[in-house]
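Q: Could you take me through this model feature by feature, giving the general idea of each feature and then the case at hand?

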Amino acid sequence: MMRQYELVERVQKYKPDANEALLNKAYVYAMQKHGQQKRASGDPYISHPLEVAAILTDMHLDESTIAVALLHDTIEDTTATRAEIDELFGEDIGRLVEGLTKLKRLDLVSKKAKQAENLRKLLLAISDDVRVLLVKLADRLHNMRTLEHMKAEQKARISEETMEIYAPLAGRMGMQDMRDELEDLSFRYMNPEAYETITKRLADLSARNEGLIKKIEDELRELLVASGLVGASAKGRQKKPYSIFRKMQSKSLSFEQLSDLYGFRIIVSDIPSCYRALGIVHTRWRVVPGRFKDYISNPKQNDYRSIHTTIVGPSRQRIELQIRTQLMQEIAEYGIAAHALYKDGQTGEKGSGELLPKESSAYSWLRHTIESLAEGDNPEEFLEHTKLELFQDQVFCFTPKGKLIALPRGATPIDFAYAVHTNIGDTTVGAKINGRIMPLVTRLNNGDEVEIIRSGVQVPPAAWEEIVVTGKARSAIRRATKMAIRKQYSGLGHRILERTFERASKVFSKEALKPALHRLAHKDVEDAIAAVGRGELSSLDVLRAVYPDYKDERVTVKPAADDGWFNMRSATGMMFKLPDRAKTALGDVEMNSDGSEYIPIRGLSASTEVGLAPSGAVPGDRIVGIMERDNRITIYPIQASALQRFDDQPERWIDVRWDLDEANKARFPVTIALNTINEPGTLATVAETTARLDINIRTLTMGGNRTSDFSDLVMEIEVWDLRHLNQLLSQLKDLDCVSTVKRIYD
């Protein structure tokens with residue numbers, strides 16, 4: 001276990017003027033508070049915060065952050081309080097310790113909504129002060145290093161959490177070395193068999209190639225120095241097990257097929273020397289085509305800069321080279337922790353003439369992600385969006401004016417359009433890639449110039465959500481789809497309200513509705529109108545909210561002895577709100593004394609036919625009535641495609657709702673379609689499942705799309721209500737012999 005003076009010496013090596021008193025006080029306080037507490041390994045608990053602090057000293061972080069690392073578990077696991085820490089160490093350190101305490105028990109591997117909410121808390125805490133992230137990552141790294149002492153279930157959960165959230169978050173913040181170690185440790189517990197196999201193969205390879213890495217290092221260094229790059233260094237390494245496993249999985253390769261298991265870093269003094277070193281290496285050894293990337297000219301969004309190339313190098317080994325300056329190496333290794341913004345505001349030169357920007361691009365990305373919290377995405381969408389952002393590997397494309405757009409690999413022109421601006425994405429109808437019109441599903445490559453073709457009348461199809469790969473595009477498409485659906489309901493609601501107000505000898509207008517919104521529990525006029533269209537808000541309630549003194553008179557139909565279509569008997573029925581000519585067609589009516597909004601029809605008049613559409617409707621459906629030319633009224637579910645024929649005939653639309661007698665249920669017809677496996681017993685299984693739910697099959701038809709393997713069935717059935725129907729659909733979907741099942745609307 002690290003001693004007090006050892007911790008102070010580690011900090012003073014890179015920060016001679018460090019506040020030694022603060023470090024000593026934090027060390028002693030943590031030691032006293034944790035007292036005799038033990039970890040799962042049996043070690044004193046204080047060893048954990050000390051190791052976290054040691055990890056942060058390797059990143060050369062300031063003494064305040066080191067103090068936070070020492071104290072990060074005190075509020076959670078001891079008698080320490082925020083007030084006490086504020087008094088002893090200051091409010092800044094107290095705030096950071098409390099922030100880490102709130103995140104201490106985050107269970108990110110859980111149900112999606114809870115996982116998303118916890119991720120929100122994590123990112124919000126980080127955005128307030130990035131030091132929270134640095135301590136949290138160091139805390140997670142030490143926990144992963146000592147995970148072998150935990151139970152098997154805990155190992156799996158913590159490893160999955162680390163692989164899904166913390167490792168990619170470290171990478172997104174530019175801390176690549178930490179990401180590599182977190183991924184490797186997680187891989188060890190998530191897939192121990194694969195980890196052990198690859199580790200053993202790497203050990204065998206190292207034994208066979210003993211001394212090879214040093215030989216290549218020496219040859220590279222001698223070549224660079226002989227060419228005038230005095231002070232250049234070369235350092236080699238073997239790739240880590242998880243990196244190898246991921247490549248084998250993504251490219252479907254065996255271990256023997258991997259040829260670039262070694263990587264080397266060349267460190268030079270300045271940026272011009274990077275390109276000189278590249279030329280020297282390419283002149284000496286053959287380059288592997290398509291394996292050159294210049295991240296100095298086009299840095300990654302996490303500030304990473306380097307030149308990557310692959311050569312067939314000494315001993316005819318295929319090796320990857322990374323060429324960078326010392327400052328680039330610090331940023332590549334420590335990411336946001338190396339940024340001058342978090343080193344007491346220093347922004348001076350680092351010996352190479354390079355200047356760090358005032359704010360890290362990685363931190364800018366984090367702030368941008370936090371801004372998306374305000375866009376109204378639900379928790380699951382936010383989680384998906386953030387994970388997509390964390391895991392992306394980039395390609396760089398250009399607008400016709402030369403603006404650089406960074407996108408994840410696999411991105412399409414649709415992603416490109418949304419990356420430029422949401423409005424451009426929403427109005428996209430086509431794209432030119434490098435001057436040629438290409439399909440919108442085309443995957444973009446590095447260096448592509450993309451020109452978006454737009455149309456002012458375009459609405460993004462919902463199917464685009466399955467094509468795009470960026471969280472921003474998916475969120476925008478979902479919002480546009482919701483707005484399109486809302487517009488449809490708003491149009492229906494507007495027509496319903498116009499007719500309701502007209503029957504009351506009133507004129508409907510959006511301006512008149514605004515002052516009454518508070519009575520309807522809606523903040524927006526369009527929301528209220530759409531609610532009427534969806535059946536969530538009564539049109540009469542809107543009328544009364546706008547005109548509180550309005551009193552209406554209603555009529556009711558006298559029950560008739562005869563039955564209507566589809567056995568809708570007098571014990572069941574619907575309630576209608578009808579135009580005057582419909583009331584006339586119904587024959588004898590009388591005043592309704594209860595003042596209800598709808599006219600109940602519990603038996604059907606002999607002079608009027610009221611029936612269901614051919615595909616049926618069931619209680620629970622949102623329904624509308626259409627007045628036919630012969631005064632017949634047909635009832636449709638709101639989803640019926642047949643209703644589109646009447647969009648331009650609002651005078652024929654009738655408001656309808658169900659009004660059923662629960663004591664005397666009746667069945668209602670509905671049609672469903674199934675795609676089933678063509679084998680003996682399938683029809684019997686479907687029929688048995690249907691009968692088990694007490695559902696009657698009226699007709700059954702074999703569709704014309706029959707193949708040797710599958711058959712299409714169309715069944716007209718009778719159910720009590722929508723819940724009864726959904727029970728059947730759910731159970732049919734679970735059958736092994738059923739491929740798909742859906743309800744058919746007109």
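A: Let us begin with a sheet: an open sheet of four strands has the order 21-22-20-23, with antiparallel pairing. Strands 21 (696-702) and 23 (738-744) stand at the edges with a single partner strand each, so one side of each is left without a neighbour in the sheet. Strands, like helices, are DSSP runs numbered from the N terminus (E, at least two residues, for strands; H or I, at least four, for helices), and two strands pair if DSSP finds at least two bridges between them. The model is a predicted one, in which local features need pLDDT of at least 70 and side-chain atom pairs count only at pLDDT 80 or more, while totals for chains, interfaces and linings use all residues. Residues are numbered from 1 along each chain as its sequence is written, and side-chain values use heavy atoms, with hydrogens and water left out.

Q: Over how many bridges do strand 20 and strand 23 pair, and which helix lies across them?

A: Strand 20 (residues 668-677) pairs with strand 23 in the antiparallel sense over six bridges, and Ile672 stands opposite Arg743 in strand 23. Helix 28 (residues 722-733) lies across strand 20, strand 22 (710-719) and strand 23, and runs at about 160 degrees to strand 23; contact here means heavy atoms within 4.5 Å.

Q: At what angle do helix 27 and helix 28 pack, and which residues meet there?

A: For a pair of helices one reads the angle, the axis distance and the handedness, where a crossing is left-handed if the near helix is turned anticlockwise from the far one by less than a right angle, and right-handed if clockwise. Helix 27 and helix 28 pack at an angle of about 145 degrees with their axes 10 Å apart, and helix 27 passes helix 28 in a right-handed crossing. Val686, Thr689, Thr690 and Arg692 in helix 27 meet Leu728, Gln731 and Leu732 in helix 28. The residues of this contact divide into three nonpolar, three polar and one charged, where Ala, Val, Leu, Ile, Met, Phe, Trp, Tyr, Cys and Pro count as nonpolar, Asp, Glu, Lys and Arg as charged, and the others, Gly among them, as polar.

Q: Where is Asp694 found, and is Asp694 buried or partly exposed?

A: Accessibility is read in classes: buried means under 20% relative accessible area, exposed over 50%, and partly exposed in between (1.4 Å probe, protein chains only). Asp694 is found in the loop between helix 27 (682-692) and strand 21, and at 40% relative accessibility Asp694 counts as partly exposed. Its phi is near 60 degrees, a positive value in a residue other than glycine. Asn434, in the loop between strand 9 (428-433) and strand 10 (436-438), has a phi near 55 degrees, again positive in a residue other than glycine, and is partly exposed with a relative accessible area of 46%.

Q: How many residues of strand 18 are buried, and which strands pair with strand 18?

A: Strand 18 (residues 633-637) is mostly covered, with five of its five residues buried: Ile633, Ile635 and Pro637 lie on one side, and Thr634 and Tyr636 on the other. Strand 16 (residues 610-612) pairs with strand 18 in the parallel sense over three bridges, with Val610 opposite Ile633. Strand 17 (residues 623-627) pairs with strand 18 in the antiparallel sense over five bridges, and Gly625 stands opposite Ile635. In the hairpin of strand 17 and strand 18, which has five residues between the strands, Asn631 takes a positive phi near 70 degrees.

Q: With which side chains does the side chain of Gln322 make polar contacts?

A: A polar contact is a pair of N or O atoms within 3.5 Å; within protein, one must be able to donate a hydrogen and the other to accept it, and residues adjacent in sequence count only if both atoms are side-chain atoms. Gln322 has its place in strand 6 (residues 318-325) and counts as buried at 12% relative accessibility. Its side chain makes polar contacts with the side chains of Arg265 at 3.2 Å and Arg324 at 2.9 Å.

Methods:
Axes are lines fitted to C-alpha atoms, for helices over the stretch in contact, and angles run from 0 to 180 degrees between N-to-C directions.
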